[in-house]
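Subject: Structure for you to look at

Hi,

Here is the structure I promised to pass on. Please open it and keep it beside this email while you read.

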Number of protein chains: 2
Amino acid sequence: MTAARENFSERRRPVSVSIRDVAERAGVSIATVSRTVNRISTVNAELAQRVWKAIDEVGYLPNTQARALVSGRSRMLGLIVSEITNPFFPELVQEFESLAVAQGYEVLIGSTNYDPARTESLMRRLLQRNVDGVAVMTFGVEEELVKKLVEREFPLAFVDAGPDLPNIGILKVDYAEGIRQGVQHLAALGHRRVAFISGPLAQRSPVTRRDAFLLAMSELGLKVPPEHLVEGNHSMEGGIGAMERLIALPDLPTAVMCSNDMTAIGALHALYRTTHRVPEDISVVGFDDIHLAQFMLPPLTTVQMSCKDLAVAAVESLRAGIERDHPKHGKREWPISTRLVVRQSSAFPRGSLPALVGTAKGKRSETG
Amino acid sequence: MTAARENFSERRRPVSVSIRDVAERAGVSIATVSRTVNRISTVNAELAQRVWKAIDEVGYLPNTQARALVSGRSRMLGLIVSEITNPFFPELVQEFESLAVAQGYEVLIGSTNYDPARTESLMRRLLQRNVDGVAVMTFGVEEELVKKLVEREFPLAFVDAGPDLPNIGILKVDYAEGIRQGVQHLAALGHRRVAFISGPLAQRSPVTRRDAFLLAMSELGLKVPPEHLVEGNHSMEGGIGAMERLIALPDLPTAVMCSNDMTAIGALHALYRTTHRVPEDISVVGFDDIHLAQFMLPPLTTVQMSCKDLAVAAVESLRAGIERDHPKHGKREWPISTRLVVRQSSAFPRGSLPALVGTAKGKRSETG
DNA sequence: ACGAAAACAGCAAACGCTTACCATCTGTAC
DNA sequence: GTACAGATGGTAAGCGTTTGCTGTTTTCGT
């Protein structure tokens, strides 16, 4: 029965082999093939064998579109990032993608470049493609649109903050703790005058980070004069510009915290061009711990926000929203932890007690 | 007629509004709606108006899966890159994506991480998703798989080299000319001992680049001793390692060309850690002109391979393969030009004639 | 050995859309 | 007034799946 009828084939289009070809080959109905493929247990084991053999022989690949059409689920996830060219995001994309793929999802990536119009049209495209859920790793998505989606119970995942509506997951990054660690590290080294280069303050997340910084400073009883709070835009250029403004101040702070690593890298560059040395004259601390950070000169001390954790939470959150029987269906907040990674861009400030040298050196550690 | 029956709606699933809703609303058949949406001219203008109005009112978005199912074309393109975290690729992805979207295509991105198994499964996923074509911006795709695809007349685009088969576009980067310009630039500055840090030589494109270097050198009558030919892996780490090997040589070359910018950046880093200064003691030239290059210290002299040109060619090549009436249907080779961007990482070698200073300085220019 | 239930496979109806084909209507030539 | 062509809209047949329902076996208790 197995080796019977060797030569049939030939359809109109040689394009794609369909479930029908398999059914014909295995001598069963297409329903049985479908059930076999979907591992539905009512198929007799022996028959299933035959079907699998046929599948292999004709080289059948189920057509995802057709599946999606009938099931209403496309098994695609949308991933919206601010700017794919910002090194943090490719790392995130990579993690997100491999997790999604492991769960049988494909990923549609979009970069908004901080343009609300782009974001809107991107969302529309994703919806039209029937993605099963969207992770929004950027800011400034219009509430309006989000509301509409949520009404449809469309699974969404946001970083930091999002509307308080059902079926939305919020990936809560623990900025407060991370930035506090950074500030305390600097304070422990003896820094009193610490500046902060923020991200674009028109967005929520950068504001959150800045506020976390201010809180951490005030907890230590340290004042932050307004000129020590400069705005960047989370890019290297922004970091350069902001650092230049700090350098122009009559009294340079002894340390600078940055809202993200690219900003910190920009700050380092701006400083290289001057006579100020890092970390001898000024310490620089970043946030994110992108791959590049450890290759800076000096290697950048930074607060690590694990890409991997973020991606895991995003994918899980979406899956929880999509699959009604997911153990965490309905879970709203997904905590993302942060931790300080001390490298060589931070040190005791010039003129502080030599005793601190040992302390500072002692605390150094490379990432684990 | 327009404002009639205000309150109907209510389907089983509030999920998605279909062509039927529009038809009902506009009081026409679904065929007419479809024709209107697809701008088929046999629809009476006035009627079309009414349909568009209805579309707007009910918020209709055509279901792409269904369209794909019936048309056999998904309007999705696959984009395979080696490593999304290598800064060159996000830039490429961005360009590719916006071009594709402008043409009504969505992009499915995959990163192979140089793993043939990943590449294979990625290809399979893309096929299963019925992408209309795939741009392979990496190397090491198995000929076997490619052959199978080409038999189906599946549109593919490769960089540099690919099998000589129909419906395949080859994006021919003019390495020879680009690298020649780099080498000639160095030679003009007075360099005679120029080393080359290659990419992973197991792949074709890195080999091509190295050969281009050797050719350019021999054209100038310059010898390249084997120890001046070191292998990197196109990453910063690789560049660091390779440069360290060069530094360990008894006679350091006066200039180093690198197979890509990340390698060059790694080389710069390795040199920073030594007493050798760039460009005073040694010149470094990259290849790609990634965004980061201009922010290096010193800004990196490099051979620009325009991401944009590459993306344009890739998308056009695929479109040409997909759409039979495309003006360039069947076009095989798509030339990608390169050009030298002189910045500050290259200068006359120590001890050369002062007269060269002026020449070198005169040639400097920032990217246009 | 009989009947009922369980196990299993097939039929056919969707899913939302495109499009070939057909029906209708209008206008024009005779 | 009739016939016919051209314009335009509707009908329905798919596209490749999944799945509820139904029909046919097989299994098993008695």
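Leaving aside neighbours within four places in sequence, which residues is B:Ala135 in contact with? They are B:Leu77, B:Leu79, B:Ile80, B:Phe96, B:Ala157, B:Ala314 and B:Leu318. Keep in mind that this is a predicted model.

**The cores**

B:Ala135 belongs to the largest nonpolar core, which has 182 residues. Four members touch the most others: A:Ala135, A:Leu171, B:Ala135 and B:Leu171. There is also a second, separate core of 10 residues. Among them are A:Ile19, A:Val22, A:Ala48 and A:Ile55. In soluble globular proteins, nonpolar side chains tend to be buried together.

**The DNA**

Now turn to DNA strand D. It has 26 residues around it. A:Ile19, A:Ser34, A:Asn63, B:Ala31 and B:Asn44 come nearest. Helices α2 (30-37) and α4 (64-71) of chain A each supply at least two residues of this surface, and so do α2 (30-37) and α4 (64-71) of chain B.

**One helix to check**

Find helix α12 of chain A, residues 307-322. At 1.5 Å a residue, its 16 residues should span 22 Å. Its end C-alpha atoms are 22 Å apart, so the model agrees. This helix is mostly covered, with 13 of its 16 residues buried.

**Backbone details**

Two cis peptide bonds deserve a look. One runs from A:Val278 to A:Pro279, with omega near 5 degrees. A:Pro279 is in the loop between α11 (261-272) and β9 (283-288) of chain A. Another runs from B:Leu297 to B:Pro298, with omega near -5 degrees. B:Pro298 is in the loop between β9 (283-288) and β10 (301-305) of chain B.

Next, positive phi values. A:Arg39 is not a glycine, yet its phi is about 50 degrees. A:Arg39 lies in the loop between α2 and α3 (45-58) of chain A. Is A:Arg39 buried or exposed? A:Arg39 has 8 other C-beta atoms within 10 Å, so this residue is exposed. A:His234 also has a positive phi, near 70 degrees. A:His234 has 28 C-beta neighbours inside 10 Å, so this residue counts as buried.

**Where to be careful**

Chain A has a mean pLDDT of 87, and 89% of its residues reach 70 or more. pLDDT stays under 50 over residues 1-14 of chain A. Where pLDDT is low, the predicted coordinates should not be read in detail.

Best wishes

Methods: Residues are numbered from 1 along each chain as its sequence is written. Chains are lettered from A and ligands numbered from 1 in the order in which they are written. This is a predicted model: local features need pLDDT of at least 70, side-chain atom pairs count only at pLDDT 80 or more; totals for chains, interfaces and linings use all residues. Helices (H or I, at least four residues) and strands (E, at least two) are DSSP runs, numbered from the N terminus. The expected span of a helix is 1.5 Å times one less than its number of residues. A residue is buried if 20 or more other C-beta atoms lie within 10 Å of its own, exposed if 12 or fewer, and partly exposed in between; C-beta atoms are placed from the backbone. A residue is near a molecule or strand if its C-beta atom, placed from the backbone, lies within 6 Å of it. A nonpolar core is a set of buried Ala, Val, Leu, Ile, Met, Phe, Trp, Tyr and Cys residues joined through C-beta atoms within 7 Å. Two residues are in contact if their C-beta atoms, placed from the backbone, lie within 7 Å. pLDDT is the predictor's confidence in each residue, from 0 to 100.
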